[in-house]
Amino acid sequence: MPLIRRASDGTDRDRTTAASAWAYIRTETGSAAVLLAAAVAALIWVNAAPGSYETAWATHLSVRLGAWSVDLDLREWVNSGLMTLFFLVVGLEARREFDLGELRDRRRIPLPMVAGIAGMVVPVAIYLAVNAGRPSMHGWGTAMSTDTAFALGMLALLGSRFPRRLHTFILTVAVVDDFVALAVIAVAYSDHISWTPLLVGVGILLVVLAVRRAGVRRGLAYAVLGIAAWVALLDSGVDPLVVGLVLGLLSYAYPAPRDALERATGLFRSFREQPTAELEREARLGITLAVSPNDRLQRIWHPWSSYVIVPLFALANAGIQIDGALLSDAFTSPITLGILLGYGVGKPVGIVGASALATRFSRGRMRPPVGWAAVLGGGTIAGIGFTVSLLIATLAFDGRELEQAKIGVLSAVVFAMLATTVVALVTARLPEERRARALLGTAKSLVDLAEPVDPARDHVRGPLDAPVTVVEYGDFECPYCGQAEDVVRELLADFGDVRYVWRHLPLADVHPHAQMAAEAAEAAAAQGRFWEMHDRLMDRQEELKIRDLLEHAQAIGLDVEIFQQALRARGGAQRIARDMESAALSGVSGTPTFFVNGRRHHGAYDIHGLSAAVLAARDRALLVERGRDRSGR
């Protein structure tokens, strides 16, 4: 829901401020801050009371069911149990990008995959070179994987210094990291493998795939199968974290279909008329089925992962008793240096180098979605290997070597943050055009809008040759469209080079007067007064009955008789139906929905969110135009 802009009194403004504060806390920036606080708390705890820290996490917790039991200490429950849910969220985010984001164009997948693999191979090579001939070589996996949540959270701290598309690029790189890291844990750092439970676990995951293909939507079925697969893999000696990643990647993401929303509305109305337990269950199920499994699971588990599970992991694993001797040994230790150099140098070299080589050898067919300064910033921030790196360190080392590895991991986090900040500051000093090119790049943008804007048919406000086009699918009776209208007017006042397009999407199942209001706007358009009627309807959303529409027509100077005849003939119905069809093709089922230069705008439609989207689209459009000018010369 957007921030309310029509604040009628101080109470509304206070609510808006509170909503803004809560929205900030729920961002990646907020989760990164919680993670940092947990890591600092672990350091304070272990140095203030080292005995209690180790005793607490060494406490055993057993779950028994008859003759069967799982007995782990608290640190193992966090590392192998709760972290499975973290990898579930990683898989959900990756699947969402594959289904709805940049990666739905499958041609864009190979480049981040290549960059992800190179971003692991180069750090491992550096670690092995530093530790050559030593027993510590077996800890090479510690210098390999990026912490997805931490890296994206630190990237969010830099705000608008890097484009949003870098998020998708780094997410894909990190998912490749996680897949390979989990395979490495299973093969190189697992205990003696028992093949029978391993095959049982793999078999259960295949059953999950079959159940999904059968269209089963019951979460309990997947939860039971997931727990069974987790227990089987744990019993086999293979770390069961992969179960979470697999289940996340199997969860489809898609926009809520309009027919499912209309069915949910009908079920809710039936419940409103007869509030029985059976109709309540049907209404709840109808609403649930209208939302994709991916969205539902992310809503449930993303907050737990960001604010509980990952901070608990940091609290359990980041504790190091720091003293002068340890620091002296650590920064001359090949373990610490190998991890620090692997992440600090190897990650950016691997990611940027692989991306550059892929772009060159493909002759530009494979190209990063952002500019090279942003790719470099992504490479440096990928040097944060906190979660998975600590996880592998606890498997590969113990005692003094484990402490040295932890110092290397924590030092790499600090180095990655500083290096990314330097990249951002240097890029900010570039001339405007070079900075835009360095951040945004020249890769073609994906277009979400199925039917391009046609000035001869669409209702357009603003210069026809504007570099930025904002399309809104709206409903004259929708209160959120009314709130967004203030934002649109402010946007058009602030930017003189934006054209705004209105397309009809009357939600007749929830707004009984919306269809007639849309037809009234089209009847006004027949007399050359569409925007006058549009503005009046948006300002008077409670006045949409036939008598009100006739009064509106008279107020804006229409020939009321001709207007009334047009309403009776339903002359605008075909045009409205075409807008609704284009909305369905574009995956739009609710209002208001905005597209900026063909890209769907996700998130709040307040003035800050839409302005940022418009500025980014304008910069990219100007880059493309200048590129064409150079080619023409």
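Q: What makes a stretch of this chain a helix or a strand?
A: Helices are DSSP runs of H or I with at least four residues, strands are runs of E with at least two, and both are numbered from the N terminus. The model is predicted, so local features need pLDDT of at least 70 and side-chain atom pairs count only at pLDDT 80 or more, while totals for chains, interfaces and linings use all residues. Residues are numbered from 1 along each chain as its sequence is written, and side-chain values use heavy atoms, with hydrogens and water left out. By the DSSP rule the protein has 26 helices and 7 strands. Ala314 is found in one of the helices, H13 (residues 293–317).

Q: Why is Ala314 called buried?
A: Buried means under 20% relative accessible area, exposed means over 50%, and partly exposed lies in between (1.4 Å probe, protein chains only). Ala314 has a relative accessible area of 0%, so Ala314 is buried.

Q: What does Ala314 touch?
A: A contact means heavy atoms within 4.5 Å. Not counting residues up to four places away in sequence, Ala314 touches Leu35, Ala38, Ala39, Ala42 and Phe386. Phe386 is 72 residues from Ala314 along the chain, and their C-alpha atoms are separated by 8.4 Å.

Q: Why does Leu440 count as buried?
A: Leu440 has a relative accessible area of 11%, and is therefore buried. The residue is found in helix H19 (residues 432–440). Beyond four places in sequence, the residues touched by Leu440 are Pro163, Pro369, Val370, Gly371, Ala616, Asp619, Arg620 and Leu623. Leu440 and Ala373 are 67 residues apart in sequence, and 8.7 Å apart from C-alpha to C-alpha.

Q: Why is Val208 put in the buried class?
A: Val208 counts as buried because its relative accessibility is 1%. Val208 lies in helix H8 (residues 195–213). Its contacts, not counting residues up to four places away in sequence, are Tyr222, Leu225, Leu247 and Leu250. Ala229 is 21 residues from Val208 in sequence, with 9.5 Å between the C-alpha atoms.

Q: How do you know how many disulfides there are?
A: A disulfide is a pair of cysteine sulfur atoms within 2.5 Å. By this rule the count comes to 0 disulfides. Cys478 is in no disulfide, and the nearest cysteine sulfur, that of Cys481, is 3.6 Å away.

Q: What makes the peptide bond from Thr591 to Pro592 stand out?
A: That bond is cis, with omega near -10°. Most residues other than glycine have a negative phi, and most peptide bonds are trans. Pro592 lies in the loop between helix H25 (573–585) and strand S6 (593–596).

Q: Which phi value is noted for Arg570?
A: The phi of Arg570 is near 55°, a positive value in a residue other than glycine. Arg570 is found in the loop between helix H24 (560–569) and H25. With a relative accessibility of 45%, Arg570 counts as partly exposed.

Q: What is the phi of Asn597, and where does the residue lie?
A: Asn597 has a positive phi of about 50° although it is not a glycine. The residue is in the loop between S6 and strand S7 (599–600). Asn597 is partly exposed, because its relative accessible area is 30%.

Q: Why does the radius of gyration agree with a compact globule?
A: The radius is taken over C-alpha atoms, and the globule rule is 2.2 Å times the number of residues to the power 0.38. With 633 residues, the rule gives a radius near 26 Å, and the protein has 28 Å, which agrees. The C-alpha trace spans about 90 × 70 × 50 Å along its principal axes.

Q: How many of the residues are buried, and what share of contacts join residues at least 24 apart?
A: Buried residues make up 50% of the 633 residues. Among contacts between residues at least 6 apart in sequence, 80% join residues at least 24 apart.
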